[in-house]
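Visitor: Could you walk me through this model? I'd like to begin with how the chains meet and then move on to local details.

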Protein chains: 2
Amino acid sequence: MPPITSMEKAMEDKILLAHGSGGKLMHDLIQSFLSDIGNPMLDKMDDAAVFDVKGKLAFTTDSYTVQPLFFPGGDIGKLSVCGTVNDIAMSGAKPLYLSLAFIIEEGLPVAELKKILGSIKKAAAEAGVKIVTGDTKVVNKGCADKIFINTAGVGIVPDGVNISAANARPGDKVILSGNIGDHGIAVLSQREGLKFTSPIPSDCAPLNGLAAEMLKATKNIRCMRDPTRGGLSTTLNDFAESSKVGINVAEGQIPIAKAVLAACELLGLDPLYIANEGKLVVVVPAKDAAAVLAAMKKHKYGKNACIIGEVTAEHPGRVVMKTALGASRIIDMPVGELLPRIC
Amino acid sequence: MPPITSMEKAMEDKILLAHGSGGKLMHDLIQSFLSDIGNPMLDKMDDAAVFDVKGKLAFTTDSYTVQPLFFPGGDIGKLSVCGTVNDIAMSGAKPLYLSLAFIIEEGLPVAELKKILGSIKKAAAEAGVKIVTGDTKVVNKGCADKIFINTAGVGIVPDGVNISAANARPGDKVILSGNIGDHGIAVLSQREGLKFTSPIPSDCAPLNGLAAEMLKATKNIRCMRDPTRGGLSTTLNDFAESSKVGINVAEGQIPIAKAVLAACELLGLDPLYIANEGKLVVVVPAKDAAAVLAAMKKHKYGKNACIIGEVTAEHPGRVVMKTALGASRIIDMPVGELLPRIC
C-alpha cells in the first residue's frame with residue numbers, strides 16, 4: 001500500500017472509482033470548483049432542489065457525448081449548458097434552473113474535469129441559469145469515453161407565447177440567425193486533426209438572450225428551433241412535417257462562412273446537414289418578419305440573421321430549395337448518421 | 001453494399017450509430033414501444049415539454065450505470081424510473097414528469113433495449129409519472145458499456161411540507177421502512193455469478209405512494225431520504241451533519257433479511273453501507289412517530305418499517321450505534337467505493 005501522501009497525489013491527478021461512491025470525494029471536488037456559482041439550493045445537497053414556480057413550465061434534457069472534449073470555440077462543458085439552455089429557450093421560455101449529471105471514466109485527469117467545470121460555470125453565468133441539482137457516476141476504465149454529461153433544465157414560458165414546430169402557416173417567413181455549419185466543422189476538424197488556413201471555431205452559445213429580444217419584438221413566433229444534430233435541413237423538415245405545410249428556401253440566402261464552405265467541399269459534406277450550436281431558425285407571420293429580423297440583427301448572436309424562405313400551402317411536409325442556378329430540389333431529412341458524437 | 005432487406009434486418013437486431021443521428025430511427029423505435037405511455041407533450045416532439053404548474057417545484061436528476069443491466073428484481077430501466085421518482089418523493093413532492101435520456105453503445109441488441117423500455121413503461125405506470133421529454137445518443141462500440149440512462153424529474157411539493165436533511169432536532173425519532181441491503185447484494189450476486197440457496201431480489205420500487213401515505217399521517221416530516229449509494233450509514237451521517245445533531249441507532253432494531261446477512265458475512269461487507277433502491281429513512285418528531293409508523297406498516301413497501309433510533313443533542317455530526325452486545329461504535333461515512341456501478 002503506498003503511503004498516504006502519494007495516494008492523495010493520485011487522487012488529485014486522476015478521477016478514481018472512489019469519486020463515485022456516495023459522492024463525497026466528487027462532491028468536495030465539484031463543490032470547491034463551482035463554489036461561486038453555488039446557491040442555497042445546491043448547497044443544501046438534498047436529493048431534489050425545491051423552488052417556487054407559477055405558470056407554464058418548459059422541461060427538457062440532453063446528454064452530451066462530444067468527442068473530442070475540447071474543440072475550437074468550446075468544450076463539452078460549455079456545450080452541455082448552452083445546448084439545454086437553447087432547447088428551453090426555443091419554446092420561448094426563460095431558462096431558470098439546470099441539473100448537471102456526470103458519467104466519468106475512471107482515470108480522467110482531474111485537470112480536464114476542472115477545465116470543463118470552469119466552462120460550465122462561465123456558460124451558466126452568461127445564460128443566467130443556476131445549477132441546482134446534480135449527480136456523479138464513475139465507471140471503470142474502458143466503460144465510457146472520458147466523460148459524458150447530461151443536463152436537464154426548466155424555464156418559464158411567458159404568457160401569450162405558444163411556440164411549436166406544428167404552428168407554421170402558409171405565408172409565414174423563415175428567418176435564420178446566422179452562418180450555418182460552424183460547430184460541426186469545428187469539432188470534426190479537431191477530431192481529425194485537419195488544419196485550415198482560417199481556423200473555424202464552434203458557434204456554441206446560449207441563445208436565450210437573443211430569443212428574449214425576439215419575443216420583445218413580437219409574441220407571434222410560431223416555430224423556433226436550434227438546428228443542432230441533422231442541421232438546418234432536419235429542422236426545416238421537422239417544421240414542414242409537424243405543421244403539414246411546405247417550406248421554400250433560397251440557396252443564395254443561407255449564410256455560410258467561406259472557410260466552412262471550403263471545408264465542406266473538401267470533405268464532401270453538405271452544410272445543410274451539419275450541426276450548429278449557436279443558431280436558431282424561426283417561423284413568424286410575414287407582418288412581423290421585419291421587426292423580428294431587426295431585433296435579431298441588433299443582438300451579438302444574430303448579427304448575420306436573414307430571411308431564408310417562406311411557408312407555403314404547396315407540397316406539404318416537404319422542404320424545397322431554389323438553387324443558385326434557378327433549379328428546385330427537395331431537401332430531405334438525413335437518413336443515417338453523418339457525423340457521430342458532434343454534441 | 002448489402003441489399004436493403006439485410007440492412008433492415010441488421011437495424012432490427014442491433015443499435016447502429018445511425019440510430020443516434022437526428023434521432024429519427026431511434027425516435028421511431030422508442031415511440032413505437034412507448035406508444036401507450038405516449039402523451040400529447042411527448043408526441044409533439046418539440047425540444048422542450050411545456051406544462052402548467054403552480055407551487056413549490058422539486059427538481060432532481062440521476063444517471064444510471066448499473067452493471068449488469070438485468071438483475072433479480074429489476075433492471076436499469078426500472079431503476080432509472082424508481083431512483084428519480086424516489087429522489088423527488090423524498091422532498092415530500094408528488095412526482096409528475098420525467099425526462100429520459102439514453103447513451104447507447106453501438107451494437108446493443110434491440111431486444112435488450114425493448115426489454116428496458118418495457119420496464120420503464122411499467123415502472124412509470126406504477127409511479128403515476130409521465131415521460132415528457134427525451135434524448136438518445138449512440139456512441140461507437142467500446143466508448144460506453146451497453147447503455148447508460150439519465151432521468152431527471154419534477155414534482156410538486158404540497159403546501160406546509162418542508163423536508164430537508166438539515167431539519168432533524170434532538171428528541172426526534174428515526175424510522176426505517178424495511179430490510180436493508182437487498183439491492184446491492186442482488187446486483188453483486190448477479191454480476192459475480194454467486195448462487196445463494198435463497199435468491200435475493202432487489203428491493204427496487206417507487207416510494208412516492210408510501211411517502212404520500214406518511215404525509216397524510218403528518219406533515220411534520222423533518223428529513224426523508226432513500227439510502228441508495230453508501231447505504232443507511234451514509235444517509236444517517238448526512239442527516240447528522242446537515243442538521244448538526246447526533247443520531248443514536250440500535251443495531252438490534254435494523255431489519256436485515258437472513259440471506260442478505262449471510263451474503264454480507266461471506267463477502268466481508270457491512271450491510272449498513274450497501275445500497276437500497278426501495279427503502280426510505282425518515283426523521284419525525286417523537287409525538288408523530290407512532291402515526292407515521294402505522295401508516296408505513298399498512299403500505300406494501302413499508303410492511304417491515306420500524307423505529308431504529310433517535311436524534312440527540314450529544315455528539316453533533318456523528319452517528320453512534322449501540323451494538324447487540326451493548327457497546328457503542330461510531331458509524332462513519334464510507335471513504336471509498338465499496339461496490340461500483342450498483343445503480
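Visitor: How many residues does the contact take from chain A and from chain B?

Guide: The contact takes 69 residues from chain A and 69 residues from chain B, where contact means heavy atoms within 4.5 Å. Please keep in mind that this is a predicted model, in which local features need pLDDT of at least 70 and side-chain atom pairs count only at pLDDT 80 or more, while totals for chains, interfaces and linings use all residues. Residues are numbered from 1 along each chain as its sequence is written, chains are lettered from A and ligands numbered from 1 in the order in which they are written, and side-chain values use heavy atoms, with hydrogens and water left out.

Visitor: And what area do chain A and chain B bury between them?

Guide: About 5,500 Å² is buried between chain A and chain B, with 57% of it on carbon and sulfur atoms; buried area here is the accessible area (1.4 Å probe) that two parts lose on being put together, summed over both. In chain A, the residues that lose the most area to chain B are A:D47, A:F59 and A:R229, which together make up 14% of what that side buries.

Visitor: How many salt bridges are there between chain A and chain B?

Guide: The count is 4 salt bridges, a salt bridge being a side-chain nitrogen of Lys or Arg within 4 Å of a carboxyl oxygen of Asp or Glu. B:R229 forms one with A:D135, and the closest N and O atoms of that pair are 2.9 Å apart.

Visitor: Which element gives the largest share of the side of chain A that touches chain B?

Guide: That is β1(A), with 15 residues; helices (H or I, at least four residues) and strands (E, at least two) are DSSP runs, numbered from the N terminus. β1(A) also pairs with strand β1 (residues 49–64) of chain B in the antiparallel sense over 11 bridges, given that two strands pair if DSSP finds at least two bridges between them. Within that pairing, A:A58 has B:V50 in β1(B) as its bridge partner.

Visitor: Switching topic, which way do the valines of strand β10 in chain A point?

Guide: In strand β10 (residues 281–284) of chain A, A:V281 and A:V283 point one way and A:V282 and A:V284 the other way, and all are buried, that is, under 20% relative accessible area, with exposed meaning over 50% and partly exposed in between (1.4 Å probe, protein chains only). β10(A) runs antiparallel to strand β7 (residues 173–176) of chain A, joined by 4 bridges, and A:V174 has A:V283 as its bridge partner. Strand β8 (residues 223–225) of chain A is likewise antiparallel to β10(A), through 3 bridges, and A:R225 stands opposite A:V281.

Visitor: What about the backbone, where is a cis peptide bond in chain A?

Guide: A cis peptide bond joins A:Q67 and A:P68, with omega about 5 degrees, and A:P68 sits in the loop between β1 and β2 (70–71) of chain A. In chain B, a cis peptide bond joins B:Q67 and B:P68, with omega about 5 degrees.

Visitor: Is A:R341 buried or exposed?

Guide: A:R341 is buried, with a relative accessible area of 5%, and its phi is near 55 degrees, a positive value in a residue other than glycine. B:H315 has a phi near 30 degrees, also positive in a residue other than glycine, and counts as partly exposed at 25% relative accessibility.
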